[in-house]
Structure formats: structure tokens, C-alpha cells
Amino acid sequence: MSILTVENLSVDIPLAGGVLHPVRDISFSVEAGKTLAIVGESGCGKSLTSLAIMELLPTAATRSATRLDFAGQSLLSLSERRMSDIRGDRMSMIFQDPMTSLNPAYPIGDQLEESLLRHRKVTRREARDRAVYLLEKVGITAAESRLGQYPHQLSGGLRQRVMIAMGLMCGPELIIADEPTTALDVTIQAQILLLLADLQKEFGMALILITHDLGVVARVADRVAVMYAGQIVETGTAEQVFREPTHPYTRGLLECIPIPGKTAPGSPLGSIPGIVPSLIGELHGCSFRDRCELAHEACAVPEIIPMRELDARRGYRCVLDPRSMAGEIAEAGLQ
Amino acid sequence: MSAVIAEKEPVTALETVDVRKTYHVGRGIFSGGRALHAVNGVSLRVQEGSVLGLVGESGCGKTTLAKMLLGLETPTSGEIRVLGEAVGSFDRKRMARRVQPIFQDPYSSLNPRKSISSIISLPLRVHGLGDRAEVARRVAEIMELVGLPRRMAECYPSQLSGGQRQRVAVARALIMKPEVVICDEPTSALDVSVQAQILNLLQDLRTELGLTYIVISHNLAVVEHIATEVAVMYLGRIVERADTRTLFRDPKHPYTKALLASVLTPEPGLGVPDTRLGLAFPNPVDPPSGCTFHPRCAEVLEKCPREAPQMRVVDRTEVECHLYN
């Protein structure tokens, strides 16, 4: 059963130079207990997508969607009051940068307890016990004594774990984690991801993992959505997307990363030339065409390239047929 | 410079002999403070033209070591030699000509109010090298070398993408023609496609200019790709050192094994490994007794908490662990 269904979600931000379209017609769904990874580079709209779902967009931005259902309830027409009942309780978010998302003026204990006190009828004592329980769960030793500490007294890794504990306080059905491990050491990263997976199993949470780290995606995601320039350009299971990437952008990304044991040390890495296009004003054709080695006339059509289905649960946004693409890549390589 | 490399005898570009750095962490104005051994006896030798990868968790002292190599911190004891000359005898400027840094975050390491040409030429102006025409010529030359279009010379950092900013940082480091470049997490603030471009650039420049790199990174895939040898640091000490191939094929120290196990390669279906390290990185003010890694070690022996291990050479690896005594 899908806990969150998003159809044709767009975000527009009016700027002096025209309207910016950072998120364009995104559709996906997440099932209970499963992990969807949204992967893409900075500026592709992945963070704004998550903010749009939580309705935490900046005031200038407008959100539109044909469907935005969370646990059988539409979020589109919900008042801010009703939305804030859901936010932090049934749906919570782990933000990317714990230094700026924790309040420096309050001890972490207060900040942890806040969401439980807001959403549940619990005493201070009970909230405190829950905070200690979760801090221990996320691997913070001497949790009791940490409650009185301020964010600046904790290291980056500890702050990130506090953020995760905070997201779990009310036992949400859906967690949106925006780059939860980017700032951490590899050893801690592995442990935090393992922990998230355990907690997910234990509480049956759905997880939307937003990241640019393809290694993390491959290891933890059930389904993957690759974003580029505000659009989803490829979806499928992790297995499908990594074993048989279809969209030229996905292929390019995978060639960029050195893989120990596979990439010859010191050999030049693949790279994607050029930069992300501006998303201001009217957009048409394929957004990746300026950087794509397989681009041709059909990529510059006046319409937006539609999402095509390879099979029921695997989509890609490219005019080329994936079966013929291998041949074209070989040709482009020869030229 | 390439002629030097071709000679039989390799030249040591950079050497540290039992370098230590101790900070005193105060607990108040009246107590004397407690000693924090950020770097606790590091001896390294980097051959000219090679790339040393320095890996370890945050707080292990890799950045302190890098600062000392750059001359930004003075070691409490021990000696650092650049091309055979002790650094203590250098003044700051002379050091800066030979060793240059590339920092992690190109968003905060470039002055937002200076133009690109002014940022890149600053080292020349500080050292009083060349007149205006000469400076302009060298800026144009280095910008071309790192792949920055000439029209960007009068741009400001805010007008550049992350990859372009990091190219500016590389250009600024190389304009003095240093022998050694210290790259502290050179690509971790960048997107993967840009990371690949910068890594390719660093590789090309190394072969072209015969540079020596020390690459500090927590991304082991990057280190494996770019480094010729790797040193693993834990709580201020180098616990294992070997050439890259050996270290990645046959890691000896349990900590290195755990580090390598936690690298998430993009291979679906493998899941997240359990490194069994435990979450707690020890408090460096109050390090564990004996081998400082013993509380987190999966292969701990009886004597580990009592006795600190000595550096041994096993096969072609230097390792500091009781398992190999």
C-alpha cells in the first residue's frame, strides 16, 4: 500500500527575471516500510520536492499538483493548522545541515521533547524518557547527560544523530531524510544507514532518502528516482537503475564515480561536460540535451519530453529507445 | 623535474620525523588545561611525484597534520623537512612557495569581494613577484591550465559554479609553482560529475607539472583512485601505511579493514555493511590505554589495553597492531 502518492507536483518561484521552475511535474509513490531514493546533483530540485511535500516552501514559492495523498488523505487542501498536526507527528523530516537546523539557543533535550509535547498528551517526564530512549537508539552514549547540552557542544556526527532522533520522536509513518549522512565519516555513515534501516523495519516507516551519493542509494533504496533540472528522468528499482541505467544522464553519473576494484586507479573518470541549464522562463525539449553526447534534433522539440515506460514500474524521459541506445553510445564513442 | 623522477634515487619531497602537536584544552581560567595530543608522533616520507592519501575519521588529526605541513601550525616537537630542508629554518613566505593548499569548500575559501584574477594573483603580489604585465600573463596562463575561460578573470566567485570555484582554488595554489600541494578534502563539497572533473584535472596537472600531492579525504574511493600510497590515521597516529594497491587488496589493521568495509560502492543488493566499530569515537583528551583502538576493535587481544603496539613492517605494509607482533 502506498503511503504517499504524488502526481504532477510542480513548484514555481517568481523572480525578477521570470518564473523559476525548480520542480516540474514530478510523480512518484512510496510504499509503507519501503525506501525511495531521490538522487540528483545540487540544484536539481530534490530538496524543494521534499519541502513541497511537507509544505515548508518559502513563501514566494507556489506549489501545484494533481494529487498529493498521504495515508489516504489529500494534503492539497489542508489548512496550515491541520498540516502542522501531521508534520512532525505522522510525517517528519531529517534536515541536511544539523548546524543550522538545530536552535543554538536551546538545549537539545528541549528541542527533542518539543514535537512530542506538541502532538501527544504526554508529561515532560515521559517526553524526556522517550528522548533518552531514542538518543540511545541512535548510538549516543550517556544520553541522559546530553539532554542539557547545546548544539555547539556536540560534534557534527552527534548533531546529525540528534536530528534523526528528533525525527523519530513521534514514531512517524513517513520520514523524509535530506542528505542525512553527507556530513559524516564513512564509518558513522554506514552505522547511521544501518540504524535507519533497523528503525524502518521496527516501526514500518516509509523513507524518502534524498541524496547525491550513489553508493548510499544503491545500498539502501528499494526504488530510485533520478532527478535532473527539476524533472524525474529515470525511475526503477535500485537493481534496474544501477545495473541497466537507461537515461544518458544516469549513465553519465555512474561513470563519474571511481569504484574501488573496478575503475583503474589514475585512469581518467567519465565526466558530464557543461552545466545545468537555467530553469527560468519557458522550457522545452529535453533539459539534458546540451550536455548529452547522444543529442539530436528530436531532443529540441517545442514540447517537454514525456516520461516513457519501459515496463510497468520503470520509466525514463528520453526520446531514444533504450535498446538502440547502446549502439548509439558505441558510435558516439568512436567519433 | 621529470628528469629527477626518472633517476634511480627517488627524491623525498616531504618528510616528517616524529611530529607531535599538543593542544591544551582549558576547563576554566584557573585550571592548567588538559593535553590533547592531536598529532602524536607521525613519521612520514613522501617521494617526489607521488600522491599520499591520508584517511581517517574526523578528529583523528589529519587536518592538524596538514596545517603543520603548510606551516600554519608549529609542531610541539619533531621535525618537518621539505626537500631535505627543515621547515623550522624557513620563514612563512618561503614555506608558502613550496607547499600550497587546496581547501575543501570553494564557497568559503574564496573572498567573495575579490575578482577571480585578483584571487588567483594574490600569492604573486604577496611575494612581490613580477610587474603587472607579468602577473597578468601568469594568471592567464594558469587559468588556461586549469580550464577556466579567460572571460572569467573579472568575474566574482558568486558568479561561478562550484566546479569553477574549485578550479580557481587549484589555480591559486599552483601559480607559485609549488612542489607539494596539500588537498584537504578537495572534492567533498562538489557534485559527483564535478568531482570527476576536478579529480581528472588534479591527475593531469600532476603528470604535467610533476607535483607531489597529499590528499586528505574521507572518501576512500577517491583516495584509491588518485593516491599512490595511503596512510591511515587514528587518534593522532598513523596505524597503517602501504602503497594503495596493497592497502586496498590486503588491509592489515582492524581499523583499516573496518574503514574499507564501510565504503558504499554503488552496487545494489549488497546492503549496508556492519562494521561492528561501535559508534563512539574516543575522546581525544582522554584516549584509551594501550592501543588506542582497542575499545572498538573486533580482534582485540588480551594485551591490547595494556601495551601500545610498535610499528612493524609486515610484507610491504607498515602496521601498528599487536596482531602482527
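This is a predicted model: local features need pLDDT of at least 70, side-chain atom pairs count only at pLDDT 80 or more; totals for chains, interfaces and linings use all residues.

User: Into which domains is chain A divided, and what distance separates their centres?

Analyst: Domain 1 of chain A covers 2–90 + 172–334, and domain 2 covers 98–170. Taken over C-alpha atoms, the centres of the two domains of chain A are separated by 30 Å.

User: Which helix gives the most to the side of domain 1 of chain A that touches domain 2 of chain A?

Analyst: The contact pairs 13 residues of domain 1 of chain A with 13 residues of domain 2 of chain A. On the domain 1 side, nine residues are nonpolar, two polar and two charged. Five residues on that side come from the helix that gives the most, which is helix α8 (residues 186–203) of chain A.

User: Which element gives the most to the side of chain B that touches chain A?

Analyst: The contact takes 39 residues from chain B and 42 residues from chain A. On the chain B side, α7, α8 (220–226), α9 (244–249) and α10 (254–261) of chain B each give two or more residues. By class, that side has 19 nonpolar, 15 polar and five charged residues. With eight residues, the element that gives the most is α7(B).

User: How many of the nine residues of helix α11 of chain A are buried?

Analyst: Helix α11 of chain A spans residues 248–256 and is mostly covered. The buried residues are P248(A), Y249(A), T250(A), R251(A), G252(A), L253(A) and C256(A). Of the nine residues in the helix, the number buried is seven.

User: Which element of chain B do the buried residues of α11(A) pack against?

Analyst: Within chain A, the buried residues of α11(A) pack against α9 (214–220), β10 (223–228), β11 (231–237) and α10 (238–243). They also pack against an element of chain B, namely α7.

User: Which residues of α7(B) meet α11(A)?

Analyst: From α11(A), the contact uses G252(A), L253(A) and C256(A). The residues of this contact divide into four nonpolar, three polar and no charged. On the α7(B) side, the residues are V192(B), S193(B), Q195(B) and A196(B).

User: How is α6(B) oriented relative to α7(B)?

Analyst: Helix α6 (residues 162–174) and helix α7 (residues 192–209), both of chain B, have axes that come within 9 Å and cross at roughly 20°. The crossing is right-handed. Angles under 35 degrees count as roughly parallel, so the orientation of α6(B) relative to α7(B) is roughly parallel.

User: Which residues of α7(B) make the contact with α6(B)?

Analyst: α6(B) contributes G162(B), G163(B), Q166(B), R167(B), V170(B) and L174(B). The residues of the contact divide into six nonpolar, four polar and one charged. From α7(B), the contact takes V194(B), Q197(B), I198(B), L201(B) and L205(B).

User: Is M233(B) buried or exposed?

Analyst: M233(B) is found in strand β9 (residues 229–234) of chain B. Leaving aside neighbours within four places in sequence, M233(B) is in contact with L54(B), G56(B), C60(B), G61(B), K62(B) and I238(B). It has 23 C-beta neighbours inside 10 Å, and therefore M233(B) counts as buried.

User: What is phi of A229(A), and is the residue buried or exposed?

Analyst: A229(A) lies in the loop between β10 and β11 of chain A. Its phi is near 50°, a positive value in a residue other than glycine. Most residues other than glycine have a negative phi. With 22 other C-beta atoms within 10 Å, A229(A) is buried.

User: What is phi of D18(B), and is the residue buried or exposed?

Analyst: D18(B) is found in strand β1 (residues 12–25) of chain B. Phi of D18(B) is near 45°, a positive value in a residue other than glycine. With 12 other C-beta atoms within 10 Å, D18(B) is exposed.

How values were computed. Residues are numbered from 1 along each chain as its sequence is written. Chains are lettered from A and ligands numbered from 1 in the order in which they are written. Axes are lines fitted to C-alpha atoms, for helices over the stretch in contact, and angles run from 0 to 180 degrees between N-to-C directions. Helices (H or I, at least four residues) and strands (E, at least two) are DSSP runs, numbered from the N terminus. Angles under 35 degrees count as roughly parallel, over 145 as roughly antiparallel, 65 to 115 as roughly perpendicular and the rest as oblique. A crossing is left-handed if the near helix is turned anticlockwise from the far one by less than a right angle, and right-handed if clockwise. Two residues are in contact if their C-beta atoms, placed from the backbone, lie within 7 Å. Ala, Val, Leu, Ile, Met, Phe, Trp, Tyr, Cys and Pro count as nonpolar, Asp, Glu, Lys and Arg as charged, and the others, Gly among them, as polar. Domain bounds come from an automatic or database domain assignment. A residue is buried if 20 or more other C-beta atoms lie within 10 Å of its own, exposed if 12 or fewer, and partly exposed in between; C-beta atoms are placed from the backbone.
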